[in-house]
Amino acid sequence: VQLQASGGGSVQAGGSLRLSCAASGRTFSQYAVGWFRQAPGTEREFVSVIGGTGSGTYYADSVKGRFTISRDNAKNTVYLQMNSLKPEDTAVHYCAAHGFWTVRSADYDYWGQGTLVTVSS
């Protein structure tokens with residue numbers, strides 16, 4: 001599976017962005033997809049994950065109620081809708097795929113290249 005993340009940009013606090021993670025491969029629906037982020041000088045942290053069928057989702061406490069993960073398997077794409085953005089959301093955001101959903105970045109087999117989100121106050 002090859003992944004390509006896009007949709008990052010610069011917004012003011014309170015704004016919104018939608019990230020996309022486009023995948024290649026006919027078996028995309030068999031993979032859970034997670035979003036992670038990494039700010040300069042920090043470790044990569046879990047943001048959200050969605051199961052292969054889209055029926056199961058999970059969020060980090062820091063984004064719960066603000067971010068929504070979804071997927072369209074017909075388009076081989078996972079989305080992360082980010083609302084009420086805060087300066088602390090500033091980071092490179094990565095999508096990743098694994099055979100079952102997990103919050104541990106070390107478990108993921110396939111990674112996209114990352115897309116930068118910058119939120120100004």
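Predicted model: local features only at pLDDT ≥ 70, side-chain atom pairs only at ≥ 80, totals over all residues.

Residues are numbered from 1 along each chain as its sequence is written, and side-chain values use heavy atoms, with hydrogens and water left out.

Rings of Phe, Tyr and Trp (its six-membered ring) pair if their centres lie within 6.5 Å, and planes under 30 degrees apart count as stacked, over 60 as edge-to-face and the rest as tilted. By this rule there are eight aromatic pairs, and two of them are set out here.

| Pair | Centre to centre | Angle between planes | Class |
|---|---|---|---|
| Phe 36 and Phe 46 | 5.8 Å | 70° | edge-to-face |
| Tyr 94 and Trp 111 | 6.4 Å | 80° | edge-to-face |

Strands are DSSP runs (E, at least two residues), numbered from the N terminus. Phe 36 belongs to strand 4 (residues 32-38) and Phe 46 to strand 5 (residues 45-50), 10 residues apart, whereas Tyr 94 in strand 9 (residues 91-98) and Trp 111 in strand 10 (residues 110-111) are 17 residues apart.

Buried means under 20% relative accessible area, exposed over 50%, and partly exposed in between (1.4 Å probe, protein chains only). Phe 36 and Phe 46 are both buried; Tyr 94 is buried as well, at 15%, while Trp 111 is partly exposed, at 28%.

Ring pairs join Phe 36, Phe 46, Tyr 58, Tyr 94, Trp 101, Tyr 108 and Trp 111 into a cluster. A charge sits over a ring if NZ of Lys or CZ of Arg is within 6 Å of the ring centre and within 35 degrees of the ring normal. The charged end of Arg 44 sits over the ring of Trp 111, 4.6 Å from its centre, and Arg 71 lies over the face of Phe 28, at 4.4 Å from the ring centre.

Technical notes:
Helix = DSSP H or I, 4+ residues; strand = E, 2+ residues; numbered from the N terminus.
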